[in-house]
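Me: I'm new to reading protein structures. Could you walk me through one, feature by feature?

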Amino acid sequence: MSDTTAALLTATAELVERVPPLRHLAPAITGSAPASVTPSALPVLSWLPEAAARATPLTRALVRCLVAASPALAWRRSYGAEVDASFLASYGWVDLVGAHGPRRAPGLRLGFLLLGARTRYPPHAHAAEEHYVPLSGAALWTRGRSPPALQRPGALIHHPPWEPHATETTDEPLLALYVWRGARLNAGPRWEV
Ligand SMILES: [Fe+2]
């Protein structure tokens with residue numbers, strides 16, 4: 001594991017420590033096992049500098065670590081030609097702990113979602129329970145049949161298993177920490193449209 005990845009792991013655990021409902025996961029993050037990664041990049045990474053510039057005092061250290069570690073990580077997408085090309089150009093995620101990440105931990109998957117500005121991630125659902133902590137960018141988050149809610153960095157967003165959810169960015173890109181637990185951590189989301 002590279003120094004930048006080790007720093008990212010530490011910074012992620014430190015942020016999680018500051019989010020009470022997730023605090024108990026910090027030991028699993030720092031104690032995760034190393035794994036090899038084949039790095040890959042995506043078009044959405046063109047938004048990473050702006051997302052980093054918009055980080056907040058709570059999230060800035062972690063976002064800086066992600067920027068530094070990004071070239072060593074595997075940025076991926078859950079969808080392909082079946083979805084709109086403009087969405088694919090503005091969407092991607094990277095596991096830190098998980099099947100595609102540089103660390104592995106039983107029953108836990110976490111990493112970072114990046115969306116470009118003015119991007120709509122349509123409703124989707126998955127078996128795993130999910131928490132998000134936005135790190136940069138105000139965005140509209142929709143859960144189930146609830147109206148969209150504007151969430152800012154530092155918020156905690158919860159999606160129970162199989163509950164459809166959607167995200168739409170504003171004029172700012174979105175960078176958010178995701179935490180998956182429970183069943184089928186390696187199964188991707190199911191499109192709900
Ligand atoms: Fe999700």
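This is a predicted model: local features need pLDDT of at least 70, side-chain atom pairs count only at pLDDT 80 or more; totals for chains, interfaces and linings use all residues.

Me: How many bridges join β8 to β11?

Reply: There are 5, and the two strands run antiparallel. Look for T142, which stands opposite A166 in β11. On to β6 (residues 120-125): 3 bridges tie it to β11 (residues 165-169), and R120 has E168 as its bridge partner there.

Me: And what do β8 and β9 form?

Reply: A hairpin, with 5 residues between the strands. In its turn, G144 has a positive phi of about 55°. The strands themselves are antiparallel and share 3 bridges, and L140 faces L150 of β9.

Me: Now the core. Why look for nonpolar residues together?

Reply: Because nonpolar side chains tend to be buried together in soluble globular proteins. In this model, the largest nonpolar core has 43 residues. Among those touching the most other members are F112, L135 and L175.

Me: Which element gives the most to this core?

Reply: That's β12, with 7 residues. Helices α1 (3-17), α3 (48-53) and α4 (60-69) are among the elements that give two or more.

Me: Which residues is F112 in contact with, leaving aside neighbours within four places in sequence?

Reply: L66, W93, V94, L175, A176 and L177.

Definitions and conventions. Residues are numbered from 1 along each chain as its sequence is written. Two strands pair if DSSP finds at least two bridges between them. Helices (H or I, at least four residues) and strands (E, at least two) are DSSP runs, numbered from the N terminus. A nonpolar core is a set of buried Ala, Val, Leu, Ile, Met, Phe, Trp, Tyr and Cys residues joined through C-beta atoms within 7 Å. A residue is buried if 20 or more other C-beta atoms lie within 10 Å of its own, exposed if 12 or fewer, and partly exposed in between; C-beta atoms are placed from the backbone. Two residues are in contact if their C-beta atoms, placed from the backbone, lie within 7 Å.
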